[in-house]
Every structure is written in structure tokens, then in C-alpha cells.
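Welcome! Please take a moment with the sequence and the 3D structure below before reading on.

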Amino acid sequence: MPHRHRQGRGGRPTEDGILGELLLGRRYGHAIHFWDLAKRRHVQRVDLGDQYQMPLELRPPHDPSKSYGFVGVVISVEDLSASIWLWHRDGDAWAVTKVIDIPAEPADPADLPDLLKPFGAVPPLVTDIDLSVDDRFLYVSCWDTGELRQYDVTDPLHPVQTGSVHLGGIVRRTAHPSAPDEALAGGPQMVEVSRDGRRVYVSNSLYGAWDDQFYPDGVGAWLAKLDVDVEAGGLRPDERFFPHGDEFRGLRVHQTRLQGGDASSDSYCFP
């Protein structure tokens with residue numbers, strides 16, 4: 001059973017947002033750990049390299065016969081890119097291989113929050129990933145650039161990008177097609193996939209302190225549904241489903257759960 005590793009002292013890395021001195025000091029964690037839960041013992045630590053900060057979300061396959069999974073790394077301190085890694089067996093040991101790189105996007109410092117102004121770029125800041133129940137499509141949220149990416153991971157070591165939707169983003173502020181005149185703050189953040197793989201839901205708020213740090217003018221509130229082409233791949237926003245703004249009565253939107261189960265719940269059994 002893998003587990004991500006976090007570390008950091010001299011502040012509250014969650015409550016205070018990202019602390020520049022901890023990030024540049026490479027102190028947010030850069031390893032995952034494997035545990036034998038039956039024996040309750042630590043098996044192995046695999047270090048990704050200290051430039052790869054914040055291994056955050058872990059997604060194993062739904063097929064219990066498979067021994068691999070994906071982990072998203074929020075940011076590289078060397079170039080602000082994000083990345084997706086595959087953890088897998090290598091003989092009798094565990095190994096981790098980087099399979100996706102998502103580069104930062106150049107931007108005018110005037111358009112950036114204070115934390116990013118010195119860099120002149122927007123990091124993707126991958127904050128969530130989700131794997132469809134059939135283990136075919138991996139969804140990757142790029143909260144700062146305002147993008148949700150879809151990858152075909154039928155061959156886990158060689159993902160192929162098959163879709164992309166932009167909503168919000170620090171610089172883009174891409175509107176939803178049902179409200180084309182409303183610039184959106186935030187971006188696809190938490191991702192949830194229906195059991196049949198045909199619907200993907202994304203919400204736009206990460207965490208209060210982080211929201212305010214990256215979207216200081218306000219992150220707003222919105223939830224979007226994307227329709228998936230499960231045969232060929234690809235996805236597009238559903239113009240009929242876009243609750244936002246006052247519909248949430250001043251609350252921020254973080255997590256979606258679907259009645260009867262979803263791709264990341266445990267309310268179903270593998271056949």
C-alpha cells in the first residue's frame with residue numbers, strides 16, 4: 001500500500017498556503033512509501049528527487065489483479081512544471097517512473113499573484129487526479145492554468161493525451177460555454193468520474209488559504225459537468241449543468257460524490 005510523504009517545519013504548510021521558503025528549500029516532501037497493511041510494517045521508501053515537491057494524490061487501478069498506480073506531483077522547483085508518476089513492481093521491489101510532464105506557462109508578472117510574480121509563469125499545480133473505473137482514462141486537474149486533461153492509460157507506462165478542457169485559470173479566466181460573459185476564477189480542482197465513465201465533475205476550490213493566495217481577487221464558486229466520449233476519448237462541458245455563484249450561497253465548492261458510487265469511492269465491488 002503506497003503512501004505519500006510530506007514534511008516541512010517553520011510554518012503551517014496547509015493553513016498558511018504555500019510557503020516560499022519551504023518550497024524553495026525543498027521541504028514539502030518528495031517520496032512515497034509502501035506499506036504491508038496485513039503485517040503493519042513499512043516496506044520501502046522511493047524518493048522521486050527533491051525537486052519534485054508535494055506528491056499529493058494516489059490512484060491505484062480498480063482491477064485488484066494489477067500492481068501499479070499513479071501519483072501526481074504538484075510542482076517542480078526547477079521549472080514549475082507538474083508531473084504524473086507510475087508506481088509499479090520491479091522484480092521484488094517497488095519502483096516509480098515519471099510518465100507525464102506538464103510544463104508551466106509563461107505569463108506577464110502583472111497578471112500573477114504575488115507568489116508567482118518573480119517567476120513570470122503559471123505552474124499547472126496539479127491538485128487532483130482520478131482514474132476511470134475501467135482503468136482506461138486518467139484525469140489530471142491543472143488548477144492554476146485552468147485545465148482538465150484526459151489521458152488514455154491503457155498502457156500505463158506510455159499515457160496518451162486524448163482530451164483537454166479549459167475553465168478558469170489564473171491568467172485565462174476561461175468562461176463556461178453556458179455563461180460566456182462570466183470570467184471564471186479557480187480552475188478544475190477536485191475531479192470525480194461516474195462509474196460508467198461518461199460523466200466527469202470538477203469543482204473549483206482547493207483550500208481557503210491556497211484559494212486566497214493564488215486567486216487573491218476571489219476564487220468564486222462553480223461546479224461543472226463534462227461529457228466523455230468513452231469510445232474515442234475526449235470530453236466537453238455540458239452546457240445544461242453549471243451551478244455557480246449565488247447558487248452556492250457564499251460557500252466554496254470542493255468535493256463531489258455521486259449517489260450509488262463513483263470512481264474514487266468504495267461503495268461498489270469489483271466483479
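This is a predicted model: local features need pLDDT of at least 70, side-chain atom pairs count only at pLDDT 80 or more; totals for chains, interfaces and linings use all residues.

Residues are numbered from 1 along each chain as its sequence is written, and side-chain values use heavy atoms, with hydrogens and water left out.

**The sheet**

- An open sheet is built from four strands in the order β10-β11-β12-β13, with antiparallel pairing; strands are DSSP runs (E, at least two residues), numbered from the N terminus, and two of them pair if DSSP finds at least two bridges between them.
- Because β10 (126–131) and β13 (160–166) each have a single partner strand, they stand at the edges, and one side of each is left without a neighbour in the sheet.
- Strands β11 (residues 137–142) and β12 (residues 147–152) pair in the antiparallel sense over six bridges.
- Val140 has Arg149 in β12 standing opposite.

**Gly233**

- You will find Gly233 in the loop between β16 (223–228) and β17 (235–237).
- Gly233 is buried, at a relative accessible area of 13% (buried means under 20%, with a 1.4 Å probe and protein chains only).
- Beyond its neighbours within four places in sequence, Gly233 is in contact (heavy atoms within 4.5 Å) with Arg136, Phe137, Gln150 and Thr162.

**Ser203**

- Ser203 belongs to strand β15 (residues 199–203) and is buried, with a relative accessible area of 0%.
- Setting aside neighbours within four places in sequence, the contacts of Ser203 include Gly187, Met190, Trp222 and His254.

Note on methods:
Buried means under 20% relative accessible area, exposed over 50%, partly exposed in between (1.4 Å probe, protein chains only).
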